[in-house]
Amino acid sequence: MGTDILTGIAEVAREHLGWEGPLTGDMRLVEDLRLDSVRLLTLAAEVENRFHVVLSEGDEAAIVTVGDLVETVRRKLG
Amino acid sequence: MAETVNDYLLRAGRLPDGGLRFIDRAETATWVGWAEVRERALAAAGGLLALGVGRGDHVALVFPTGCEFFAAFFGALLAGAVPVPLYPPVRLGRLREYVARTARMLAACDARVVLADARVKRFLGEAVAAARPRLGCKTLADLPPAAAAAGSAGWGPAAPRPDELALIQFSSGTTVAPKAVALSHRAVVAQTEILSSCWSDRDGLRHSCASWLPLYHDMGLLGCVFPALARDATLTLLAPELFVARPALWLRAIGRYGATISPAPNFGYSLCLTRVADADMEGVDLSCWRAALNGAEPVAPSVLRAFAARFARWGLSPAALTPVYGLSEAALAVTFSALDQPCRSRWYDREALADERVARRLAPGAAGVAGAGRDARDAGDEGAAGATGPEGGREIASVGRPLPGFRLSVRDALGRELPPGRVGRLWVNGPSLMQGYLGDPEGTARAVRDGWLDTGDLGFIDDGELYLTGRAKDLIILRGRNHSPAEIEQAVDAVAGVRTGCAVAVSWLPDGAPGEMLGLFVERSRRAAAAELAALPDACREAVLAATGLAIDRLEVLPPGTLPRTSSGKLRRSEALRLYLEGGLTPPAPVTPLRLARAVARSGLGYARWRLARRREGIP
């Protein structure tokens with residue numbers, strides 16, 4: 001399921017953030033994807049919409065990389 | 001006649017439609033009338049008093065948009081304390097930086113207690129531990145019961161004097177050089193009355209406001225909350241993070257609840273253009289929207305035009321778009337453009353503005369080749385030429401005329417008033433100026449002189465209307481929020497290969513652009529290795545993003561000594577920007593004895609010093 005989630009997040013990144021390159025789990029949201037605060041918000045909201053999950057501040061505090069985001073969504077979909 | 005914000009709250013709640021409507025992500029509305037807001041605030045006030053909060057104490061507030069913010073904010077006021085709204089963490093944001101910033105702001109505002117949302121409180125531990133407010137960090141539920149306040153005798157809501165503080169707001173600078181604007185009840189009430197008078201209910205029209213603006217932001221709090229409270233009217237609120245993720249929810253809320261007033265910075269209008277799909281707008285009617293106020297950052301005429309053109313289909317009136325000007329130091333609004341007419345933009349000779357500091361109007365060029373050209377005629381005035389305009393022209397939107405009680409004065413560097421049409425520093429005088437910057441008497445003395453506020457903004461008056469051309473002050477404005485350049489510059493100090501302390505951050509509105517751009521000019525170190533230099537641009541961008549959440553639009557890596565400095569060696573930010581825009585940000589020529597001699601010989605004193613120094617060093 002992790003791959004499906006990564007694919008879904010990659011689609012969100014392409015559609016809403018204009019990210020054209022490949023997306024891998026070890027990429028960091030801020031440093032590697034170059035997401036500023038508005039784009040981080042957009043990513044969080046669009047990931048929630050796509051997977052029908054709600055991320056809490058507690059979940060988000062630990063998210064640094066794309067892989068962390070995948071893992072959080074996976075846990076939510078449990 | 002109300003004299004304090006407390007008076008407004010104690011009187012509100014008599015009209016059935018007076019209150020707050022919160023919209024959540026599912027677009028469900030929760031209604032809380034002003035009377036209930038008051039009850040909750042009274043409970044919070046009793047709790048604060050029982051906790052030991054005293055008159056005039058500063059109470060920091062960290063809440064997302066929601067009813068708890070209002071209970072805490074007005075609770076602090078009813079307890080006789082001074083609320084200081086701070087911003088909650090950003091989603092997926094870097095928590096470590098957020099905590100460091102918040103700790104700095106808590107210390108700068110001298111908070112006696114921090115009130116926070118239960119979820120936010122969990123993150124504030126370190127910030128609170130670092131700033132050590134005397135009474136710690138509490139949620140509203142943590143407060144002791146109000147009954148414990150003032151013993152058995154009970155207590156009454158505080159009745160502050162009009163000259164006591166009603167509010168402290170951070171205008172810019174959080175980690176470095178925080179600027180906390182202190183506003184008295186008198187100033188807030190004066191501003192509230194002015195704004196309320198702009199939309200008095202008549203001819204069966206009952207004005208109401210909708211806003212997604214953060215409640216720690218002047219346009220959200222002073223511009224939306226207090227006028228709604230004073231008029232005992234409705235305020236429909238969305239959380240800012242909800243707007244950023246789904247901007248259509250803002251427009252849909254305006255239509256659904258018939259909001260007549262809704263403000264946003266230029267960024268908000270621009271975001272709607274890129275992120276609202278036609279499908280999101282199905283069935284939305286924006287014809288109710290009378291005042292789409294646009295302020296808090298420079299207004300881009302291209303965005304105004306495109307927004308008017310795009311949303312006309314859904315009933316948006318071209319007269320609705322209303323560029324305005326204000327700043328925290330004036331408790332918000334200073335000028336408004338006409339509420340019932342299309343906004344005006346004009347073309348001026350760019351070089352005359354920059355070099356002669358004179359506003360020379362140009363005739364608009366051939367009408368619109370740009371996409372929104374035809375519709376621009378509805379939205380613009382003389383500026384109907386679309387985005388291209390006459391050659392050498394710069395299009396500037398009018399931000400209108402001073403509000404009642406305000407006066408404008410455009411002055412030269414020595415403080416002498418300039419005639420209309422001349423570009424200079426904008427000074428304002430009016431009934432709602434700040435008491436000062438908290439804990440910064442020198443900064444206050446520089447900003448306010450003889451009842452006049454030096455805004456640090458540059459502009460000119462044409463036909464009685466104000467046009468802004470830039471800023472003389474060192475301030476970055478992005479998406480309606482102010483940032484201190486020092487925060488951005490310090491973020492790159494530790495980057496390998498950067499010459500420490502030799503970076504300049506600036507922002508400006510390029511012609512035709514949808515918003516301000518952020519530029520960072522850094523000098524490389526003389527000792528930087530080739531590998532460090534290669535990695536330098538990326539490393540700088542990452543460092544700034546991580547520390548501030550801001551993305552750099554233009555990055556220039558410069559040889560040492562390129563940035564302009566004052567005689568005392570301080571970097572000159574606005575001069576660096578001017579040079580950059582003119583393509584003149586170039587490294588200094590190599591220093592040879594002959595060149596040096598010529599340079600210093602230009603000043604007699606410099607030459608004498610130079611001779612003296614040479615003699616001391618034994619050089620003939």
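**A helix pair and its surroundings**

Modeller: Helix α4(B) passes helix α5(B) in a right-handed crossing. Keep in mind that this is a predicted model. Two packed helices are described by the angle between their axes and the distance between the axes. Here the angle is about 35 degrees, and the axes lie 8 Å apart. On the chain, α4(B) covers residues 95-108 and α5(B) covers residues 118-131.

Now look at who touches whom. From α4(B) come Leu95(B), Val99(B), Thr102(B), Ala103(B), Leu106(B) and Ala107(B). From α5(B) come Phe123(B), Leu124(B), Glu126(B), Ala127(B), Ala130(B) and Ala131(B). Sort these contact residues by class: ten are nonpolar, one is polar and one is charged.

The largest share, four residues, comes from α16(B). In total, 21 residues from chain B and 17 residues from chain A take part in the contact. How do the residues on the chain B side divide by class? Eleven are nonpolar, two are polar and eight are charged.

Next, go inside. In soluble globular proteins, nonpolar side chains tend to be buried together. The largest nonpolar core here has 213 residues. Which of them touch the most other members? They are Val59(B), Leu61(B), Val114(B) and Val544(B). Take Val59(B) as an example. Leaving out residues up to four places away in sequence, Val59(B) touches Leu48(B), Val53(B), Ala76(B), Ala81(B), Val82(B), Pro83(B), Val84(B), Ala111(B), Arg112(B), Val113(B) and Leu115(B).

Step back to the whole of chain B. The chain has 19 helices and 27 strands. Of its 620 residues, 52% count as buried. Take the contacts in chain B between residues at least 6 apart in sequence: 70% of them join residues at least 24 apart.

The strands come next. One open sheet of chain B has four strands in the order β2-β1-β10-β9, with mixed pairing. Strands β2 and β9 (209-211) of chain B stand at the edges, each with a single partner strand, so one side of each is left without a neighbour in the sheet. On average, neighbouring strands are turned by 20 degrees against each other, direction ignored. Helix α9 (residues 248-256) of chain B packs on this sheet and touches β1, β9 and β10 of chain B. The direction of α9 makes about 160 degrees with that of β10(B).

Follow β1(B) through the sheet. On one side, β1 (residues 19-23) pairs in the parallel sense with β10 (residues 234-238) of chain B, over five bridges. There, Ile23(B) has Leu238(B) as its bridge partner. β1(B) is also joined to β2 (residues 29-33) of chain B by five bridges, and these two strands run antiparallel. Gly19(B) stands opposite Gly33(B), and Arg21(B) is partnered by Trp31(B). The hairpin of β1(B) and β2(B) has five residues between the strands. Among them is Glu27(B), which takes a positive phi near 65 degrees.

A second open sheet of chain B runs β11-β12-β13-β16, again with four strands and mixed pairing. Its edge strands are β11 (292-294) and β16 (401-402) of chain B; each has a single partner strand, so one side of each is left without a neighbour. Strands β12 (residues 321-327) and β13 (residues 332-336) of chain B run antiparallel and are joined by four bridges. Tyr325(B) faces Thr335(B) across this pairing.

Finish with a residue of chain A. Val66(A) is found in helix α4 (residues 66-77) of chain A. Is Val66(A) buried or exposed? Val66(A) has 23 other C-beta atoms within 10 Å, and therefore counts as buried. Beyond residues up to four places away in sequence, Val66(A) touches Ile9(A), Leu23(A), Thr24(A), Gly25(A), Met27(A) and Leu29(A).

Notes: Residues are numbered from 1 along each chain as its sequence is written. Chains are lettered from A and ligands numbered from 1 in the order in which they are written. This is a predicted model: local features need pLDDT of at least 70, side-chain atom pairs count only at pLDDT 80 or more; totals for chains, interfaces and linings use all residues. Axes are lines fitted to C-alpha atoms, for helices over the stretch in contact, and angles run from 0 to 180 degrees between N-to-C directions. A crossing is left-handed if the near helix is turned anticlockwise from the far one by less than a right angle, and right-handed if clockwise. Two residues are in contact if their C-beta atoms, placed from the backbone, lie within 7 Å. Ala, Val, Leu, Ile, Met, Phe, Trp, Tyr, Cys and Pro count as nonpolar, Asp, Glu, Lys and Arg as charged, and the others, Gly among them, as polar. A nonpolar core is a set of buried Ala, Val, Leu, Ile, Met, Phe, Trp, Tyr and Cys residues joined through C-beta atoms within 7 Å. A residue is buried if 20 or more other C-beta atoms lie within 10 Å of its own, exposed if 12 or fewer, and partly exposed in between; C-beta atoms are placed from the backbone. Two strands pair if DSSP finds at least two bridges between them.
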